[in-house]
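Please look over the sequence and the model below before reading on. The note is meant for someone meeting this structure for the first time.

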Amino acid sequence: MPYPLVPNASAAARTPRRWRVAALALLLPAAAWSAPPPATTLGGRAVPEAELRAWLQAARARHAIPGLAVATVEGGALRSVIALGTADVESGAPVTPDTRFEAASLSKPVFSRAWMVEVDAGRLSLDRPLAADGDDLGLGADPRVATLTPRQLLSHAAGLPNWRERDGGPVAFVGEPGSGLAYSGEGYDALARAMARTLRVDDAGLARHLAASTMPMGATARFGFLLEGCEAGKAAPHRDGARLPWTPCLDHVSAAGGLEASPADYARWLVDAMAGRGLSAESDAAWWRGQGVTIPDDHPLRAHGLVDWSLGFAVHALPFGRTWVHTGDQPGYTALALVAEDRQRALVVMTNADGAQAFLLALVGFLAAPDASVDP
C-alpha cells in the first residue's frame, strides 16, 4: 500500500498506541457508503452499498476484526451508518449503529474544541502560559514547563513526549517548546487538569461539564469521557479475534484518549464542528487553522503530505486538497476520523480490534482503486 500508517503513541492509563494516517484524502466521497444509487470513487468507480458491505465483511474476517461501524457525512449531514459483526465474541451481541467504542486518540479533537468553548466564554486562553494560573499540572519542575501555552499543547508543539516513561515519574522534554511537532498525550491530559482547575471541579464534575459542552445534536448513545458505567452499551475489546478483559473505568478525565462514542455520534459531532456550531466565528476559524507547526525533516509522514497541525487534527496537503485526519489505537480498539477540505464530507471508522491499521490501509486501497480488484 502506498500510504503507510506510522505509530505515534502509547497510552497513559490504558497504555494505548496512537497512529496517524497519511493521504487519506484518497477516500471516496461519503456518498459511496450510503444506499443506492452508487457513488463514484476518486478512482472513477461506482460502488453500490451491497458491494461495500460484502468487502467489509470479507475484510473483517481476514483482519480478525470482530465488529466495526462506519459513519459517513456528505453535504454537511450524516449520510449513512454501516454496523457489522459482533460487539463481544463471548456473548455474540451484534454491533449496532448505537454501539459505543473507545475512541482512543479521536478524543483529542473533541476535547480541544471544548477548550475553545471556554476560550469564547473568557474562562480559558490559548496563549496565556498554564503556569501563570497555578501549579505545573503534573508536568514536573523543568523551567520550560512555566512557558507552555495551551496553543502549543493543543497543536503538539510543546516539546513534550507522548507519555512519560513511568506513571508518576518526571516528564522529560524531547524538544524545545515551539520548535516543532512532538505528539504528546501528556500535554492533552495536562490541559484537562488545567480546565478542571479553572472551573473548580473534580474529575466527575469535569466529565459532566465536557458531556454538556460536546454532546452532538441528535446523539443517540452515551457520548463523553465516562468515569462510570463505561462497559454498558460498549463493544468489548479484542485482539487477534479474541476477547480481552475489560479495562476498568478511568478515574480521571483523559483528554488524550478517554472518549467513548458511537461512530454515528462522533460523525454527528463532526457535523456540528464542520458547521461551526458552538463557537464564535473567530474561535471556529482558529480551531481549524493550521498553527504553523514545523514538521521535522525526518518525520516519516512528511513525504506523505503532513504539513501542519491544527488545534485538534493533523493537516495533510494532498493532490485532492487539505485534509484533517486523526486516528487512534489502544488495547482492543482502532479508530479513524477524516474531514475533507470542503468540510462537507467526513468519514468515521471504529473497530473493537487493536492494531487494525492493516484493515484501514486495505480500506483506503479499496476506495481509491479504479476497479474492484483490491483484496480485503
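The numbered points below go from the overall picture to individual helices, the disulfide and a few backbone angles.

1. Overall picture. This is a predicted model, and the points that follow should be read with that in mind. The secondary structure of the protein amounts to eight helices and 15 strands, and of its 376 residues 58% are buried. Among contacts between residues at least 6 apart in sequence, 64% join residues that are at least 24 apart.

2. Helix α1. This helix covers residues 49-62, which is 14 residues, and spans 20 Å from its first C-alpha to its last, close to the 20 Å expected at 1.5 Å a residue. Its buried residues are Glu49, Leu52, Trp55, Leu56, Ala59 and Arg60. Viewed down the axis of α1, these buried residues fall within an arc of 140°, so they line one face of the helix. An α-helix has 3.6 residues a turn, so residues three or four places apart point the same way. On the face of α1 turned away from the buried side are the exposed residues Ala50, Ala61 and Arg62.

3. Helices α2 and α4. Two packed helices are described by the angle between their axes and the distance between the axes. For α2 (residues 107-120) and α4, the axes come within 11 Å and cross at roughly 35°, and the crossing is left-handed. On the α2 side the residues that meet α4 are Lys108, Phe111, Ser112, Ala114, Trp115 and Glu118, while the α4 side contributes Gly185, Tyr188, Leu191, Ala192, Ala194, Met195 and Leu199.

4. Helix α7. In this helix, which comprises residues 281-288, the residues Ser283, Asp284, Ala286, Trp287 and Trp288 are buried.

5. The disulfide. The structure holds one disulfide, which joins Cys230 to Cys249 with an S to S distance of 2.1 Å. Cys230 lies in the loop between α5 (203-214) and β8, and Cys249 in the loop between β9 and β10 (260-261), so the pair ties together parts that are 19 residues apart in sequence. The torsion about the S-S bond is about -100°, so this disulfide is left-handed. As for accessibility, Cys230 is buried, with a relative accessible area of 1%, whereas Cys249 is partly exposed, with a relative accessible area of 30%.

6. Positive phi values. Most residues other than glycine have a negative phi, and a reader checking the backbone may therefore wish to look at the following residues in view of that general rule. Ala64, which follows α1, has a positive phi near 55°. His156 has a positive phi near 60° and is found in the loop between α3 (150-154) and α4 (185-199). Asp240 also has a positive phi, near 55°, and lies in the loop between β8 (238-239) and β9 (242-243).

7. A question on two of these residues. Are His156 and Asp240 buried or exposed? His156 counts as buried because its relative accessibility is 1%, under the 20% cut-off for that class. Asp240, by contrast, is exposed, with a relative accessible area of 70%, which is over the 50% cut-off.

Conventions. Residues numbered from 1 in each chain as written. Predicted model: local features only at pLDDT ≥ 70, side-chain atom pairs only at ≥ 80, totals over all residues. Heavy atoms only, no water. Helix = DSSP H or I, 4+ residues; strand = E, 2+ residues; numbered from the N terminus. Expected span 1.5 Å × (residues − 1). Buried < 20%, exposed > 50% of the residue type's maximum accessible area, 1.4 Å probe, protein only. Arc of directions from axis to C-beta. Disulfide = S-S within 2.5 Å. Axes fitted to C-alpha atoms, helices over the stretch in contact; angles between N-to-C directions. Left-handed = near helix turned anticlockwise from the far one by under 90°. Contact = heavy atoms within 4.5 Å.
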